[in-house]
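Let's take a walk through this structure together, one region at a time.

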Amino acid sequence: MKRYVDYYEIHRLFEEGFSKRSIAKKLGISRNRVIKYLDMSIEEFEDFSISLKTRKRKLDSYKDKILLWLREHPDMSSAQVYDWLQEKLGVKNIAENTVRNYVNDLREIYHIPKVNPSRTYLSVPELPMGQQMQVDFGQDTVKDLNGKSKRLYFIAFVLSHSRFKYVEWLDRPFRTIDVIQMHERAFKYFEGMTEEIVYDQDALLAVSENAGDLIMTSAFIKYQQARKFSVYLCRKNDPESKGYV
């Protein structure tokens with residue numbers, strides 16, 4: 001059984017000097033599971049494994065539905081299952097970690113390995129001048145004159161056609177008014193404004209997403225409507241869907 005294989009592999013790799021994080025990555029399991037199994041003797045682990053087969057669990061009443069989702073979508077993450085439980089079934093008061101452990105156990109018991117679909121890449125055509133600009137936010141930690149660590153925040157603008165760039169820094173997190181003013185200074189620097197601006201789904205701009213309709217802060221959306229440029233938000237946590245920045 002995979003759970004027993006994981007137990008022995010976790011202890012073997014740990015004895016060989018691998019960190020808990022690297023063990024989790026090697027075996028494709030959570031770091032919390034590595035920590036839990038390392039803290040168990042073989043007798044305790046066997047009792048734990050037996051209890052999994054007999055105990056009543058919070059998500060058991062949704063087991064059939066979760067199994068259906070996993071079989072239809074083998075690449076589905078536990079985070080997506082967590083979201084669907086809330087959105088489709090109205091499940092509340094369940095921790096995401098509880099869902100993750102339950103999904104991992106179902107995959108093991110019912111032999112539903114997670115499939116990572118390969119991604120198809122295509123060359124991006126060169127865009128004409130004035131059509132698109134891409135914007136990204138970031139942060140870095142530097143030393144001040146007294147040797148103390150200081151976190152700095154930046155916003156970067158790049159024209160998709162020419163790759164011409166403009167960057168501004170702040171010594172505190174951005175506010176929406178900061179971003180608006182920085183857009184204006186970028187337009188002044190570039191001596192113009194593009195028809196479209198591409199952003200990450202950053203919390204500064206995208207407050208929430210509902211069926212693909214992105215809700216932005218009221219201050220920024222008023223600015224965007226006044227300036228009349230179109231907004232494109234690339235997929236969350238997916239820098240490859242943007243590209244130039």
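Which strands does helix H8 lie across? What you are looking at is a predicted model, and in it helix H8, residues 176-190, lies across strand S1 (132-143), strand S2 (149-159), S3 and S4. Against S3, helix H8 runs at about 150 degrees.

Those strands belong to an open sheet of five strands, with the order S3-S2-S1-S4-S7 and mixed pairing. At the edges you will find strand S3 (165-170) and strand S7 (230-233), each of which pairs on one side only. As you follow this sheet across, neighbouring strands are turned by 25 degrees against each other on average, direction ignored. Now zoom in on S7 and its partner: strand S4, residues 196-199, runs parallel to S7, and four bridges join the two.

Next, turn to helix H5, which spans residues 63-72. Its buried residues are Ile66, Leu67, Trp69 and Leu70. Looking down the axis of H5, you can see these buried residues fall within an arc of 160 degrees, so they line one face of the helix. The face turned away from that buried side carries the exposed residues Asp64, Arg71 and Glu72. And what covers the buried residues of H5? Helix H6 (78-89) and helix H7 (96-109) are included in that cover.

A search of the whole structure finds 17 aromatic pairs. One of them is formed by Tyr7 and Phe45: the ring centres are 4.4 Å apart and the planes lie at 20 degrees, under the 30 degrees cut-off, so this pair is stacked. Tyr7 lies in helix H1 (residues 2-15) and Phe45 in helix H4 (residues 42-54), so the pair ties together parts that are 38 residues apart in sequence. Are these two residues buried or exposed? Tyr7 counts as buried, at 5% relative accessibility, and Phe45 also counts as buried, at 0%.

Elsewhere, ring pairs link Phe157, Phe164, Tyr166, Tyr189 and Phe190 into a cluster. Finally, have a look at Trp84, where Lys88 lies over the face of the ring, at 4.5 Å from the ring centre.

Methods
Residues numbered from 1 in each chain as written. Predicted model: local features only at pLDDT ≥ 70, side-chain atom pairs only at ≥ 80, totals over all residues. Heavy atoms only, no water. Buried < 20%, exposed > 50% of the residue type's maximum accessible area, 1.4 Å probe, protein only. Arc of directions from axis to C-beta. Contact = heavy atoms within 4.5 Å. Pairing = 2+ DSSP bridges. Axes fitted to C-alpha atoms, helices over the stretch in contact; angles between N-to-C directions. Phe/Tyr/Trp six-rings, centres within 6.5 Å; stacked < 30°, edge-to-face > 60°. Lys NZ or Arg CZ within 6 Å of the ring centre and 35° of its normal.
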